[in-house]
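Please walk me through this structure in plain terms.

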Amino acid sequence: MFYLIGDIHGYYNKLSALFGKIQKHITDNDSIIFLGDYIDRGPHSFEVIDFLLDLQKKYNTIYLTGNHESMFLNYLQGKDISLYMYNGGQATIYSYIEIMGSLRLPENHKAFYNNLKLYYETENFIAVHAGLRHSIPVELQSSYDMIWIREEFYLKQYHWPKLVVFGHTTTVNITGLPIHEIYDDVHRNIIGIDTGAAYGGPLTCLRLPDKKVFQSY
């Protein structure tokens with residue numbers, strides 16, 4: 001089984017609650033795939049990264065990068081500062097200062113951010129943060145699209161040969177349905193699982209291949 005988890009955005013309480021629900025189901029043969037956007041907006045980005053680092057010692061874990069991790073790394077290099085602040089970066093800065101005394105990353109946090117993957121592919125599905133551009137093989141997709149694309153992906157009249165599971169765009173903004181609903185589009189063969197943890201919604205986990213949904217509340 002594969003357990004795919006959507007955008008956390010610094011909400012350690014929701015991550016902890018969700019994991020409390022799924023851990024009893026996870027076996028040694030299963031994998032947990034995180035779709036990126038671990039930080040920003042919520043108050044406990046540092047604790048989220050620590051939690052994820054601890055998980056990889058006990059489980060088969062895959063960590064994808066989101067646009068927020070990309071913005072954070074750029075910010076640390078003095079790039080795109082206003083863009084990062086506009087997108088909730090101040091919460092991450094405060095989180096690190098509170099724990100470390102300054103905006104200083106522990107070495108294991110640096111390694112975590114620098115080793116995130118753009119996508120994860122199996123025989124049956126592709127996991128990616130934001131989405132993909134149609135008719136382009138996944139290995140040739142641009143890194144920008146994989147962490148930033150929106151309407152050009154999920155509104156495109158195109159049926160993906162493999163199921164694509166993504167986060168990045170909150171499902172309520174795609175469907176107008178209640179914020180806790182995932183977006184399962186069988187016609188395009190895509191599933192969105194960012195159910196707005198940063199905006200009052202739950203953190204969501206989708207299990208494949210049975211499509212069982214677990215949520216933090």
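β4 pairs with strand β5 (residues 125-128) in the antiparallel sense, over 3 bridges. Two strands count as paired if DSSP finds at least two bridges between them. Helices (H or I, at least four residues) and strands (E, at least two) are DSSP runs, numbered from the N terminus. The model is a predicted one, in which local features need pLDDT of at least 70 and side-chain atom pairs count only at pLDDT 80 or more, while totals for chains, interfaces and linings use all residues. Residues are numbered from 1 along each chain as its sequence is written, and side-chain values use heavy atoms, with hydrogens and water left out.

Within this pair of strands, Tyr120 has Ala127 of β5 as its bridge partner. Both strands belong to an open sheet of 5 strands with mixed pairing, in the order β4-β5-β6-β8-β7. Its edge strands, each pairing on one side only, are β4 (119-121) and β7 (183-185). From one strand to the next, the twist averages 15°. Strands of a sheet pair through backbone hydrogen bonds, either parallel or antiparallel.

Buried means under 20% relative accessible area, exposed over 50%, and partly exposed in between (1.4 Å probe, protein chains only).

The axes of α2 and α6 come within 10 Å and cross at roughly 80°, so α2 is roughly perpendicular to α6. Axes here are lines fitted to C-alpha atoms, for helices over the stretch in contact, and angles run from 0 to 180 degrees between N-to-C directions; 65 to 115 degrees counts as roughly perpendicular. Phe46, Ile49, Asp50, Leu52 and Leu53 of α2 make the contact with Asn108, His109, Phe112 and Tyr113 of α6, where contact means heavy atoms within 4.5 Å.

Helix α9 (residues 171-175) contains Ile174. Is Ile174 buried or exposed? Ile174 is buried, with a relative accessible area of 17%. Apart from neighbours within four places in sequence, Ile174 is in contact with Tyr154, Phe166, Thr169 and Tyr183.

Methods. Angles under 35 degrees count as roughly parallel, over 145 as roughly antiparallel, 65 to 115 as roughly perpendicular and the rest as oblique.
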